[in-house]
Amino acid sequence: MIYIESKSNDPRYNTALELYAFNELAEKDDVFMLWINSPCIVVGKNQNTTEEVNQKFCDDKGIKIVRRVSGGGAVYHDLNNLNYTIISNGRSGEEFDFKSFSQPVLDALDSLGVKAEFTGRNDLEIDGQKFCGNAQYVRNGRIMHHGCLMFDVDTSVLADALKVSKDKIESKGIKSVRSRVTNIKDHLPNQDMTVQDFVAALKKYMSEKYEMTDFVATKEDEAAILAIQEEKNNSWDWVYGKNPDFNIKRNRRLKTGKIEANIMVEQGVITNIKFYGDFFGVMDVEDIAKKLVGVKYQKEDVQKVLEQVDINSYFLGATLEEVVDILVD
């Protein structure tokens, strides 16, 4: 297993390093990566950034906004949040497997005296409070599993920086963002542990379970990483994207996440469509959007198109009927 511990706190660089590891390093071996970001919000691939973040608050506080290649929801990072990534080859890519990839973290916490568990679709919790959300990116039999471990995060900033939709909070039966999250440090027997101590402990645990080799970047590696950074999170279009004009907006929260569709219909025909949400999927939803352009905006025509695709590959856990109902009555 290749071990990467980023020395940078720049979230734009770290997401590029992670994607480089997925594209290039994982061809040789599995990868385990740890890194810490300066204050930032990381939005999921399919999210509408402007609707997920409190932009003025983030601008005032110097909180960067970046986008990752995996689905799921937006998360807040600061210097007391530890991010981890496991990249593995030889997976079928037919479905996401959050639980087994999260197990090393749960086991490592157990060794430190913290009892945590996997819950819901992708969360890790301690005593019913979330301390880590996980996401996955799958391509060509290779899977990237990553999560943000809240070690000692400033939850007051988290609550102000993220514009969490009301329906998400209500669906969990909890009154606020702050009330449903917790920090790992609050549950550690050793209250003197710092986030850097936690990095060392997690690395030690993994090195005892796996034979790990430290990654040392060459000049060629660094050039390739910076090229990815320039293409992705240095780009306004990648981070914020362009929402096409629309005259119909429909959304619904399913058990597996929220799906929103912004649709432009002219003379009864779909001329443009953009999907947003914190859902997961192996395939890119832009493929479905392209198939629906030029289709009559009526239920039977939309359903006929969607029957030709494996809907679960695009919207994990959703049925054909649920997606059709989201798009059109």
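**View 1. Strands β2 and β6 side by side in the predicted model.** In this predicted model, strand β2, which covers residues 31–35, and strand β6, which covers residues 81–88, pair in the antiparallel sense over five bridges. Within this pairing, Leu34 has Tyr84 of β6 as its bridge partner. Both strands belong to an open sheet of eight strands, whose order is β7-β8-β9-β10-β6-β2-β1-β11 and whose pairing is mixed. The sheet ends at the edge strands β7 (117–119) and β11 (213–214), each of which pairs on one side only.

**View 2. The largest nonpolar core and its neighbour.** In soluble globular proteins, nonpolar side chains tend to be buried together. Here the largest nonpolar core has 39 residues, and those with the most contacts inside it are Ile4, Val31, Ile41, Ile63 and Tyr76. Helix α1 contributes seven residues, the largest share of this core. Apart from this core lies another one of 37 residues, among them Phe98, Leu106, Val114 and Val195.

**View 3. The surroundings of Tyr76.** When residues up to four places away in sequence are not counted, Tyr76 touches a set of residues that includes Pro39, Cys40, Ile41, Ile63 and Asn81. Also among the residues that Tyr76 touches are Val153, Asp154, Val157, Leu158, Ala161 and Leu162.

View 4. Rolling a probe the size of a water molecule over the atoms shows where empty space is left. The count comes to one cavity of 30 Å³ or more, and about 70 Å³ of space lies in the largest cavity. This cavity is lined by 13 residues, of which Thr15, Leu19, Arg67, Arg68 and Val69 are the closest to its centre. At least two residues of the lining come from each of α1 (11–23) and β10 (142–150), and α1 gives the most, with four residues. By residue type, the lining divides into six nonpolar, three polar and four charged residues.

**View 5. The second largest pocket.** About 480 Å³ of space lies in the second largest pocket. Of the 23 residues that line this pocket, Lys45, Gly241, Lys242, Lys274 and Glu286 are the closest to its centre. The elements that give two or more residues to the lining are α9 (236–240), β14 (269–277) and α10 (286–292), and the largest share, five residues, comes from β14. The lining of this pocket divides into nine nonpolar, five polar and nine charged residues.

Notes: Residues are numbered from 1 along each chain as its sequence is written. This is a predicted model: local features need pLDDT of at least 70, side-chain atom pairs count only at pLDDT 80 or more; totals for chains, interfaces and linings use all residues. Side-chain values use heavy atoms; hydrogens and water are left out. On a 1 Å grid over the protein atoms alone, a cavity is a set of points where a 1.4 Å probe fits but cannot get out, and a pocket is an open set with protein on both sides within 12 Å along at least five of seven lines; lining residues have an atom within 4 Å of a point. Grid points are joined across faces, edges and corners, and a volume is the space filled by probe spheres set on the points. Ala, Val, Leu, Ile, Met, Phe, Trp, Tyr, Cys and Pro count as nonpolar, Asp, Glu, Lys and Arg as charged, and the others, Gly among them, as polar. A nonpolar core is a set of buried Ala, Val, Leu, Ile, Met, Phe, Trp, Tyr and Cys residues joined through side-chain atoms within 4.5 Å. Buried means under 20% relative accessible area, exposed over 50%, partly exposed in between (1.4 Å probe, protein chains only). Contact means heavy atoms within 4.5 Å. Two strands pair if DSSP finds at least two bridges between them.
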